[in-house]
Amino acid sequence: MAGTTEALPAGIRAIDTHTAGMTQVTAGYLIEAPRPALIECGPALSVDNVISALRELGMDPDDLAYLVLSHIHLDHAGGAGDVAAAFPNAHVVVSEVGARHLVDPEKLNASSRRVYGELMDTVYGDCTPVEQPRVLGVGDGDVLDLGGGRRLDLLYTPGHAKHHISAFDRDSGSLFVGDSVGVKMPGMRVIRPATPPPDFDLVLAQRTLTRYRGLAPARVYLAHYGPVDPADEALAEASERLAAWFETAEAAWREHSELDHIAETLAYRFADDVVPDPDDPDAERRVRLLSGFESNAAGLMRYLDLRAEGRVTAAEDR
Ligand SMILES: [Zn+2]
(Lines give C-alpha, C1' and ligand atoms only; values in the text may rest on other atoms or scores of the structure.)
Protein backbone atom coordinates (compact mmCIF):
# COMPACT_ATOMS: atom_id res chain seq x y z
CA MET A 1 0.00 0.00 0.00
CA ALA A 2 1.43 3.36 -0.96
CA GLY A 3 1.58 5.92 1.84
CA THR A 4 -0.93 8.71 1.32
CA THR A 5 0.55 12.02 0.25
CA GLU A 6 -0.50 15.58 0.88
CA ALA A 7 0.62 18.68 -0.98
CA LEU A 8 1.84 21.40 1.40
CA PRO A 9 2.97 24.96 0.62
CA ALA A 10 6.27 25.68 -1.13
CA GLY A 11 6.60 22.44 -3.10
CA ILE A 12 6.64 20.19 -0.06
CA ARG A 13 4.73 16.94 0.12
CA ALA A 14 3.98 15.02 3.28
CA ILE A 15 4.12 11.26 2.84
CA ASP A 16 2.35 9.22 5.50
CA THR A 17 4.59 6.22 6.19
CA HIS A 18 1.64 4.31 7.68
CA THR A 19 3.95 3.15 10.44
CA ALA A 20 2.41 0.31 12.47
CA GLY A 21 -0.46 0.21 9.97
CA MET A 22 -1.80 3.51 11.35
CA THR A 23 -2.19 6.92 9.76
CA GLN A 24 -0.43 10.04 11.09
CA VAL A 25 2.27 8.36 13.15
CA THR A 26 5.41 9.24 11.19
CA ALA A 27 5.65 11.64 8.26
CA GLY A 28 8.25 11.82 5.54
CA TYR A 29 8.58 15.12 3.67
CA LEU A 30 9.54 15.35 0.02
CA ILE A 31 11.10 18.67 -1.02
CA GLU A 32 10.45 19.08 -4.74
CA ALA A 33 13.41 20.55 -6.61
CA PRO A 34 15.75 19.60 -9.47
CA ARG A 35 17.57 17.47 -6.88
CA PRO A 36 14.75 16.37 -4.60
CA ALA A 37 15.25 15.49 -0.97
CA LEU A 38 13.17 13.21 1.21
CA ILE A 39 13.28 14.05 4.91
CA GLU A 40 12.74 10.92 7.07
CA CYS A 41 11.68 7.53 5.74
CA GLY A 42 10.28 5.85 8.86
CA PRO A 43 10.96 2.30 10.00
CA ALA A 44 12.04 -0.59 7.80
CA LEU A 45 8.75 -2.47 8.17
CA SER A 46 6.72 0.35 6.58
CA VAL A 47 9.27 1.81 4.16
CA ASP A 48 7.71 0.12 1.12
CA ASN A 49 4.74 2.46 1.62
CA VAL A 50 7.12 5.42 1.25
CA ILE A 51 8.90 4.00 -1.79
CA SER A 52 5.53 3.32 -3.47
CA ALA A 53 4.33 6.83 -2.66
CA LEU A 54 7.46 8.33 -4.21
CA ARG A 55 6.89 6.24 -7.34
CA GLU A 56 3.27 7.42 -7.51
CA LEU A 57 4.53 11.00 -7.31
CA GLY A 58 6.53 10.28 -10.46
CA MET A 59 9.96 9.76 -8.92
CA ASP A 60 12.05 7.42 -11.06
CA PRO A 61 14.81 5.38 -9.43
CA ASP A 62 17.44 7.90 -10.59
CA ASP A 63 15.55 10.96 -9.37
CA LEU A 64 15.97 11.14 -5.59
CA ALA A 65 19.14 13.03 -4.66
CA TYR A 66 19.00 12.99 -0.85
CA LEU A 67 17.43 11.16 2.03
CA VAL A 68 17.85 13.37 5.10
CA LEU A 69 17.49 11.65 8.49
CA SER A 70 16.90 13.86 11.52
CA HIS A 71 18.38 11.10 13.66
CA ILE A 72 18.84 7.37 13.66
CA HIS A 73 16.05 6.21 15.93
CA LEU A 74 14.36 3.40 14.03
CA ASP A 75 11.01 5.19 13.67
CA HIS A 76 12.83 7.77 11.52
CA ALA A 77 15.75 6.01 9.87
CA GLY A 78 15.09 2.26 9.93
CA GLY A 79 14.21 2.06 6.24
CA ALA A 80 17.22 4.06 5.01
CA GLY A 81 18.96 1.06 3.41
CA ASP A 82 15.80 0.17 1.48
CA VAL A 83 15.36 3.73 0.20
CA ALA A 84 19.03 3.81 -0.81
CA ALA A 85 18.56 0.54 -2.72
CA ALA A 86 15.40 1.77 -4.48
CA PHE A 87 16.97 5.14 -5.40
CA PRO A 88 20.58 4.38 -6.30
CA ASN A 89 21.63 8.03 -6.81
CA ALA A 90 20.46 9.18 -3.41
CA HIS A 91 22.90 10.13 -0.68
CA VAL A 92 21.79 9.51 2.87
CA VAL A 93 22.36 12.61 4.97
CA VAL A 94 22.81 12.08 8.69
CA SER A 95 24.67 13.71 11.57
CA GLU A 96 28.37 12.90 11.49
CA VAL A 97 27.88 11.88 15.14
CA GLY A 98 25.62 8.94 14.15
CA ALA A 99 26.75 8.16 10.60
CA ARG A 100 28.74 5.02 11.40
CA HIS A 101 25.64 3.33 12.88
CA LEU A 102 23.94 3.56 9.51
CA VAL A 103 26.83 1.83 7.76
CA ASP A 104 26.95 -0.88 10.42
CA PRO A 105 23.61 -0.93 12.27
CA GLU A 106 24.32 -4.04 14.35
CA LYS A 107 24.69 -2.14 17.65
CA LEU A 108 21.79 0.14 16.83
CA ASN A 109 19.54 -2.84 16.15
CA ALA A 110 20.65 -4.67 19.30
CA SER A 111 20.03 -1.66 21.55
CA SER A 112 16.71 -0.95 19.81
CA ARG A 113 15.64 -4.54 20.44
CA ARG A 114 16.31 -4.02 24.17
CA VAL A 115 14.14 -0.88 24.17
CA TYR A 116 11.35 -1.94 21.80
CA GLY A 117 11.12 -5.69 22.50
CA GLU A 118 8.51 -7.37 20.35
CA LEU A 119 7.68 -4.09 18.58
CA MET A 120 10.89 -4.73 16.61
CA ASP A 121 9.09 -7.58 14.87
CA THR A 122 5.68 -5.95 14.51
CA VAL A 123 6.32 -2.22 14.00
CA TYR A 124 9.96 -1.33 13.34
CA GLY A 125 12.13 -4.08 11.88
CA ASP A 126 15.92 -3.97 11.81
CA CYS A 127 17.60 -0.92 10.32
CA THR A 128 19.02 -1.93 6.96
CA PRO A 129 22.63 -0.80 6.32
CA VAL A 130 23.65 1.89 3.84
CA GLU A 131 26.94 1.51 1.93
CA GLN A 132 29.62 3.82 3.25
CA PRO A 133 30.06 5.92 0.06
CA ARG A 134 26.34 6.73 0.04
CA VAL A 135 26.36 8.15 3.59
CA LEU A 136 26.96 11.89 3.96
CA GLY A 137 27.88 12.67 7.56
CA VAL A 138 27.08 16.35 8.13
CA GLY A 139 27.52 18.99 10.81
CA ASP A 140 26.07 22.35 11.75
CA GLY A 141 26.09 24.84 8.89
CA ASP A 142 26.36 22.32 6.08
CA VAL A 143 24.10 23.06 3.12
CA LEU A 144 22.41 20.77 0.60
CA ASP A 145 22.06 22.32 -2.85
CA LEU A 146 18.78 21.00 -4.28
CA GLY A 147 19.22 22.90 -7.55
CA GLY A 148 17.14 25.72 -9.02
CA GLY A 149 18.30 28.00 -6.21
CA ARG A 150 16.74 25.83 -3.51
CA ARG A 151 18.93 24.92 -0.55
CA LEU A 152 18.48 23.15 2.72
CA ASP A 153 20.48 24.43 5.66
CA LEU A 154 21.42 21.71 8.13
CA LEU A 155 21.52 22.48 11.84
CA TYR A 156 23.01 20.37 14.61
CA THR A 157 20.16 20.20 17.14
CA PRO A 158 20.96 17.87 20.05
CA GLY A 159 18.76 17.34 23.12
CA HIS A 160 16.35 14.59 22.07
CA ALA A 161 19.36 12.64 20.79
CA LYS A 162 23.00 13.61 20.57
CA HIS A 163 23.05 12.92 16.86
CA HIS A 164 19.97 15.00 15.97
CA ILE A 165 19.96 17.38 13.00
CA SER A 166 17.25 19.59 11.54
CA ALA A 167 16.77 21.00 8.06
CA PHE A 168 15.74 24.58 7.27
CA ASP A 169 14.44 25.62 3.88
CA ARG A 170 15.29 29.26 4.35
CA ASP A 171 13.44 30.60 1.30
CA SER A 172 10.07 29.23 2.37
CA GLY A 173 10.81 29.36 6.10
CA SER A 174 10.04 25.65 6.48
CA LEU A 175 11.80 24.02 9.42
CA PHE A 176 11.91 20.22 9.68
CA VAL A 177 12.56 19.35 13.29
CA GLY A 178 12.39 15.56 13.60
CA ASP A 179 11.68 14.86 17.29
CA SER A 180 13.41 17.91 18.74
CA VAL A 181 10.23 19.97 19.27
CA GLY A 182 8.16 17.02 20.50
CA VAL A 183 5.15 15.11 19.30
CA LYS A 184 1.63 16.21 18.41
CA MET A 185 -0.55 13.56 16.85
CA PRO A 186 -4.33 13.39 16.37
CA GLY A 187 -6.17 13.78 19.66
CA MET A 188 -3.29 15.62 21.38
CA ARG A 189 -4.26 19.07 22.58
CA VAL A 190 -0.70 20.22 23.16
CA ILE A 191 2.81 19.33 22.10
CA ARG A 192 4.35 16.60 24.24
CA PRO A 193 8.09 16.56 24.71
CA ALA A 194 9.98 13.49 23.46
CA THR A 195 12.56 12.70 26.14
CA PRO A 196 13.63 9.07 25.64
CA PRO A 197 16.79 7.42 26.92
CA PRO A 198 19.69 7.26 26.49
CA ASP A 199 20.58 10.74 25.21
CA PHE A 200 17.89 13.14 26.38
CA ASP A 201 19.50 16.29 27.77
CA LEU A 202 17.33 19.13 29.07
CA VAL A 203 19.81 21.96 28.59
CA LEU A 204 20.60 20.99 25.02
CA ALA A 205 16.92 20.42 24.20
CA GLN A 206 15.92 23.87 25.46
CA ARG A 207 18.88 25.46 23.69
CA THR A 208 17.76 23.85 20.43
CA LEU A 209 14.23 25.26 20.92
CA THR A 210 15.65 28.73 21.62
CA ARG A 211 17.71 28.52 18.46
CA TYR A 212 14.62 27.63 16.42
CA ARG A 213 12.78 30.65 17.77
CA GLY A 214 15.66 32.82 16.60
CA LEU A 215 15.21 31.51 13.06
CA ALA A 216 11.57 32.73 13.07
CA PRO A 217 10.38 29.92 10.81
CA ALA A 218 7.10 30.32 8.92
CA ARG A 219 6.26 26.65 9.45
CA VAL A 220 7.49 23.92 11.74
CA TYR A 221 7.08 20.32 10.60
CA LEU A 222 7.10 17.54 13.19
CA ALA A 223 7.93 13.97 12.23
CA HIS A 224 5.04 12.87 14.52
CA TYR A 225 2.99 14.41 12.92
CA GLY A 226 2.75 17.27 10.46
CA PRO A 227 2.89 21.06 10.69
CA VAL A 228 2.21 22.89 13.96
CA ASP A 229 0.74 26.39 13.64
CA PRO A 230 1.49 29.13 14.25
CA ALA A 231 5.17 28.27 14.38
CA ASP A 232 6.26 30.81 16.99
CA GLU A 233 3.50 29.80 19.40
CA ALA A 234 4.22 26.12 18.85
CA LEU A 235 7.90 26.62 19.69
CA ALA A 236 7.01 28.58 22.82
CA GLU A 237 4.54 25.86 23.83
CA ALA A 238 7.13 23.14 23.26
CA SER A 239 9.58 24.92 25.53
CA GLU A 240 6.98 25.47 28.27
CA ARG A 241 5.76 21.88 28.10
CA LEU A 242 9.29 20.53 28.28
CA ALA A 243 9.96 22.65 31.37
CA ALA A 244 6.72 21.41 32.98
CA TRP A 245 7.50 17.75 32.26
CA PHE A 246 10.99 18.16 33.61
CA GLU A 247 9.83 19.86 36.82
CA THR A 248 7.22 17.17 37.39
CA ALA A 249 9.70 14.37 36.78
CA GLU A 250 12.31 16.02 38.99
CA ALA A 251 9.87 16.42 41.90
CA ALA A 252 8.86 12.74 41.60
CA TRP A 253 12.50 11.66 41.28
CA ARG A 254 13.35 13.49 44.52
CA GLU A 255 10.66 11.43 46.27
CA HIS A 256 11.75 8.07 44.76
CA SER A 257 14.22 7.63 41.95
CA GLU A 258 12.12 4.85 40.46
CA LEU A 259 10.84 4.58 36.94
CA ASP A 260 7.30 3.54 37.83
CA HIS A 261 6.88 6.37 40.28
CA ILE A 262 8.09 8.97 37.80
CA ALA A 263 5.97 7.55 34.97
CA GLU A 264 2.86 7.45 37.16
CA THR A 265 3.42 11.01 38.33
CA LEU A 266 3.78 12.23 34.74
CA ALA A 267 0.66 10.27 33.73
CA TYR A 268 -1.33 11.76 36.60
CA ARG A 269 -0.40 15.31 35.64
CA PHE A 270 -0.42 15.08 31.84
CA ALA A 271 -3.02 12.43 30.95
CA ASP A 272 -5.48 15.08 29.81
CA ASP A 273 -3.16 16.39 27.08
CA VAL A 274 -4.78 13.66 25.03
CA VAL A 275 -8.48 13.70 24.20
CA PRO A 276 -8.90 10.83 21.78
CA ASP A 277 -11.55 11.09 19.11
CA PRO A 278 -13.94 8.21 19.91
CA ASP A 279 -14.30 7.61 16.17
CA ASP A 280 -10.56 7.18 15.67
CA PRO A 281 -9.75 3.52 16.39
CA ASP A 282 -6.00 4.19 16.56
CA ALA A 283 -6.04 7.29 18.75
CA GLU A 284 -4.77 5.70 21.96
CA ARG A 285 -2.47 3.17 20.37
CA ARG A 286 -0.75 5.89 18.36
CA VAL A 287 0.02 7.93 21.47
CA ARG A 288 1.11 4.88 23.47
CA LEU A 289 3.49 3.84 20.70
CA LEU A 290 5.17 7.19 20.11
CA SER A 291 4.64 9.25 23.23
CA GLY A 292 4.36 6.88 26.17
CA PHE A 293 4.92 8.01 29.74
CA GLU A 294 7.40 5.17 30.43
CA SER A 295 9.78 6.12 27.65
CA ASN A 296 9.72 9.82 28.55
CA ALA A 297 10.10 8.99 32.26
CA ALA A 298 13.07 6.70 31.53
CA GLY A 299 14.90 9.42 29.60
CA LEU A 300 14.18 12.08 32.20
CA MET A 301 15.25 9.76 35.03
CA ARG A 302 18.48 8.85 33.27
CA TYR A 303 19.27 12.54 32.76
CA LEU A 304 18.48 13.32 36.42
CA ASP A 305 20.65 10.41 37.61
CA LEU A 306 23.57 11.43 35.39
CA ARG A 307 23.28 15.02 36.54
CA ALA A 308 23.26 13.94 40.18
CA GLU A 309 26.41 11.89 39.54
CA GLY A 310 28.05 14.92 37.92
CA ARG A 311 28.22 13.15 34.57
CA VAL A 312 26.21 15.84 32.78
CA THR A 313 26.19 19.42 33.80
CA ALA A 314 23.19 21.68 34.11
CA ALA A 315 25.39 24.63 33.17
CA GLU A 316 24.27 26.64 30.17
CA ASP A 317 27.77 27.36 28.95
CA ARG A 318 29.03 24.00 27.75
ZN1 LIG B 1 13.63 9.91 18.25
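Is the crossing of helix 9 and helix 11 left-handed or right-handed?

**Entry 1: ground rules.** I am working on a predicted model, where local features need pLDDT of at least 70, side-chain atom pairs count only at pLDDT 80 or more, and totals for chains, interfaces and linings use all residues. Residues are numbered from 1 along each chain as its sequence is written, and side-chain values use heavy atoms, with hydrogens and water left out.

**Entry 2: helix 9 and helix 11.** I looked up the crossing, and it is right-handed (the near helix is turned clockwise from the far one by less than a right angle). Helices here are DSSP runs of H or I, at least four residues, and strands are runs of E, at least two, numbered from the N terminus.

I then listed the contact (heavy atoms within 4.5 Å). Helix 9 supplies Leu259, Ile262, Ala263, Leu266, Ala267 and Phe270. Helix 11 supplies Phe293, Glu294, Ala297, Ala298, Leu300 and Met301. I get 11 nonpolar residues, no polar and 1 charged.

**Entry 3: cores.** I searched for nonpolar cores (buried Ala, Val, Leu, Ile, Met, Phe, Trp, Tyr and Cys joined through side-chain atoms within 4.5 Å). The largest has 67 residues, and Tyr29, Leu69, Phe87 and Leu102 touch the most other members. Helix 1 (residues 47-56) gives the largest share, 5 residues. A second, separate core of 38 residues includes Phe246, Ala263, Phe270 and Phe293.

I checked leucine 69 beyond four places in sequence. Its contacts include Glu40, Cys41, His76, Val93, Leu102 and Ile165.

**Entry 4: two single residues.** Where does proline 186 sit? I find proline 186 in the loop between strand 11 (174-176) and helix 7 (202-215). Proline 186 is partly exposed, at 22% relative accessible area (buried is under 20%, exposed over 50%, partly exposed in between, with a 1.4 Å probe and protein chains only). Not counting residues up to four places away in sequence, proline 186 touches Gln24, Asp280 and Arg286. Its C-alpha atom is 8.9 Å from that of valine 25, 161 residues apart along the chain.

Glutamate 250 lies in helix 8 (residues 231-255). I note it as buried, at 15% relative accessibility. Leaving out residues up to four places away in sequence, glutamate 250 touches Leu304 and Arg307.

Methods:
Nonpolar A, V, L, I, M, F, W, Y, C, P; charged D, E, K, R; others polar.
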